[in-house]
Amino acid sequence: MRAKEGLLEQKVSIQQLTNTTMKFILILLFPLLTMGQMDLTKSLKVNQDFQGFWIAKESSYVNVFLWNEKDGITAFNFSFIKGKVYKQKVIKSIKGLVQSAIIHPDTGWAVNVSYRINGEVIVADYTGDFQGKIVYRKLK
């Protein structure tokens, strides 16, 4: 009988510990989740500013940014000269910054790009198989 009581006490203690742990996790996660939502709503207008066609003297590729409420920002680049289109994988998009990855399937060439917008200009920092900065201007 005593063994059963001891086992029951252990079960109750584990259950209390589990409930306490869950409450603690929820208390920690709630602020993180709400802050993430606030950042998203703040960045909506900035994301819309990226939308359009962007060209640079240094490149035959045209960068295109599209934005909608469902998908957020999407990006790709194309070249009339080379006849190629490459979809970019957007990794991050906040407060005037879009970070993406581009992999050219034909060559395996891969870069990460950080785009920073300032009005009608985007400065792109490339790292990976190409290192450098390219300044893009919005096509009107």
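Tutor: Two strands pair if DSSP finds at least two bridges between them. Strands are DSSP runs of E, at least two residues, numbered from the N terminus. This is a predicted model: local features need pLDDT of at least 70, side-chain atom pairs count only at pLDDT 80 or more, and totals for chains, interfaces and linings use all residues. Residues are numbered from 1 along each chain as its sequence is written, and side-chain values use heavy atoms, leaving out hydrogens and water.

Student: How do you know that β4 and β5 pair?
Tutor: DSSP must find at least two bridges. β4 and β5 have five, in the antiparallel sense. So they count as paired.

Student: What sits between the strands in the hairpin of β4 and β5?
Tutor: Two residues. In this hairpin K95 takes a positive phi near 35°. K95 is a residue other than glycine.

Student: Why is K95 called exposed?
Tutor: Exposed means over 50% relative accessible area, buried under 20%, partly exposed in between (1.4 Å probe, protein chains only). K95 has 56%, so the label is exposed.

Student: What makes β3 and β4 a pair?
Tutor: They share five bridges, antiparallel. The cut-off is at least two, so they pair. N77 has Y86 in β4 as its bridge partner.

Student: Which residue takes a positive phi in the hairpin of β3 and β4?
Tutor: G83, near 65°. That hairpin has four residues between the strands.
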